[in-house]
Number of protein chains: 2
Amino acid sequence: MKLLNRAGELLSNEGPSALSLRRLAADVNTSTTAVYSLFGGKPALLDALYDEGFRRFGERLAMVPETDDPVEDLIQIALTYRESALQDRQFYVVMFSKVVPDFMPTTETYIAASGTFVPVVKTVQRAIDNGSFLPDEAPEVIGLALWSICHGLVSLEIYGILPPGLEIAPVFERTVRASADGWRAR
Amino acid sequence: MKLLNRAGELLSNEGPSALSLRRLAADVNTSTTAVYSLFGGKPALLDALYDEGFRRFGERLAMVPETDDPVEDLIQIALTYRESALQDRQFYVVMFSKVVPDFMPTTETYIAASGTFVPVVKTVQRAIDNGSFLPDEAPEVIGLALWSICHGLVSLEIYGILPPGLEIAPVFERTVRASADGWRAR
DNA sequence: TTCGTTTTATAACACTGTTACGATACGATG
DNA sequence: CATCGTATCGTAACAGTGTTATAAAACGAA
């Protein structure tokens, strides 16, 4: 579908505010009505982009190889999280921020998006089975903690709210490692 | 200024999309031009709200008492962070998310907002001096890590992206404690 | 071909932020 | 007190947005 591709381009190249239906329709030589018959409106279009964003995201996270050191695997997943987000930052803000007021993903696409989180929980489970992490805490909780650190740091970075002059990449890695250490058996 | 108060109310009660200049002007029996002569436009109004939001935020964080256990103080700051954000969640999304496309705070108000972060760094410094945290890492980095965890978890919570049926408050606290433990001397 | 459904284009509606223009109000200066 | 200058305000218009009613066109099946 040309409309969806162009919408992704507009979003990536010029940001959410450039994604107007008239602009989008003109770019692919059609009319705004097409968006309504094919998707159902702008929220539905955003929903499709949301879905596409999580698809790419999940693809990249799933490509992180599985070693016999699950904690190190988590670190690599986290680093991949950041790289993916920065690579598709306009998609990222659609997925994790409120660029369009009142936009909420369909529960259907939301559930599909939640699948992105599964590999993290599985890796945490391996770390627990491994004895690296204490079994006191549910793997979902530990996974959520690591997920939140990634999300928090990356969104602060994308929005430019981080202290200036800070070399973010190494700080990100050390932070993730420190947080993982917090769950470690000792 | 009645305009700013009403803007805050609209933002808090009905969300960012209800904050239109005509609506706002009508609610205080004036005209949209007032916003332009008094503030300079909608971005400038948002800037004022941004400032107000960080002022409240910083006030609450500064109210956390200082004990002789700086690590515990950090935990309390984090819990206060979450409570404050949830209490003024509409302000929070203006401060930390992109509810209005292309809105960026003035560097002036941005610097003022950065002051909110100072108590965190100071408390981390006390924890390092105390011997609770290793001196290997700059206090800004540790502070940023804790700050990011708060931001990440809270924004996921506000946007409803968290796993349903999850009791968030205790998870939040355990997560923050685990992350603080990650920096601990051992 | 003919019928029915889907997709499309045009145009309008209601809404948004913004601004030019003129009127009003206010405060300090003469 | 009068006058001037500035700041504020109201009306109206402009350009842009998402959305929708209506009608035309395209397409596939009978």
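**Exercise 1.** Decide whether Glu59(B) is buried or exposed, then find its place in chain B.

*Solution.* Start with the cut-offs: a residue is buried if 20 or more other C-beta atoms lie within 10 Å of its own, exposed if 12 or fewer, and partly exposed in between, with C-beta atoms placed from the backbone. Glu59(B) has 11 other C-beta atoms within 10 Å, so Glu59(B) is exposed. Next, the place: Glu59(B) is in helix α4 (residues 42–62) of chain B. Helices here are DSSP runs of H or I with at least four residues, and strands are runs of E with at least two, numbered from the N terminus. Finally, Glu59(B) and Thr116(B) are 57 residues apart in sequence but 8.4 Å apart in space, C-alpha to C-alpha.

A quick word on ground rules: this is a predicted model, where local features need pLDDT of at least 70 and side-chain atom pairs count only at pLDDT 80 or more, while totals for chains, interfaces and linings use all residues. Residues are numbered from 1 along each chain as its sequence is written, with chains lettered from A and ligands numbered from 1 in the order in which they are written.

**Exercise 2.** How do helices α5 and α8 of chain A pack?

*Solution.* Take the axes, lines fitted to C-alpha atoms over the stretch in contact, with angles from 0 to 180 degrees between N-to-C directions. The axes of α5 (residues 70–87) and α8 (residues 118–130) of chain A come within 8 Å and cross at roughly 155°. That is why α5(A) is roughly antiparallel to α8(A) (under 35 degrees counts as roughly parallel, over 145 as roughly antiparallel, 65 to 115 as roughly perpendicular, the rest as oblique).

**Exercise 3.** Which residues are closest to DNA strand C, and which to DNA strand D?

*Solution.* Near means a C-beta atom, placed from the backbone, within 6 Å of the strand. For DNA strand C, 17 residues qualify, the closest being Ser31(A), Ser37(A), Ser20(B), Leu21(B) and Lys42(B). For DNA strand D, 17 residues qualify, and the closest are Ser20(A), Leu21(A), Lys42(A), Ser31(B) and Ala34(B). Then ask who gives the largest share: α3(A) for DNA strand C, with five residues, and α3(B) for DNA strand D, with five residues.

**Exercise 4.** How many residues does each chain bring to the contact between chains A and B?

*Solution.* Chain A brings 31 residues and chain B brings 31. On the chain A side, α9 (139–158) and α10 (168–182) each supply at least two residues. The most comes from α9(A), with 11 residues.

Conventions
Contact = placed C-beta atoms within 7 Å.
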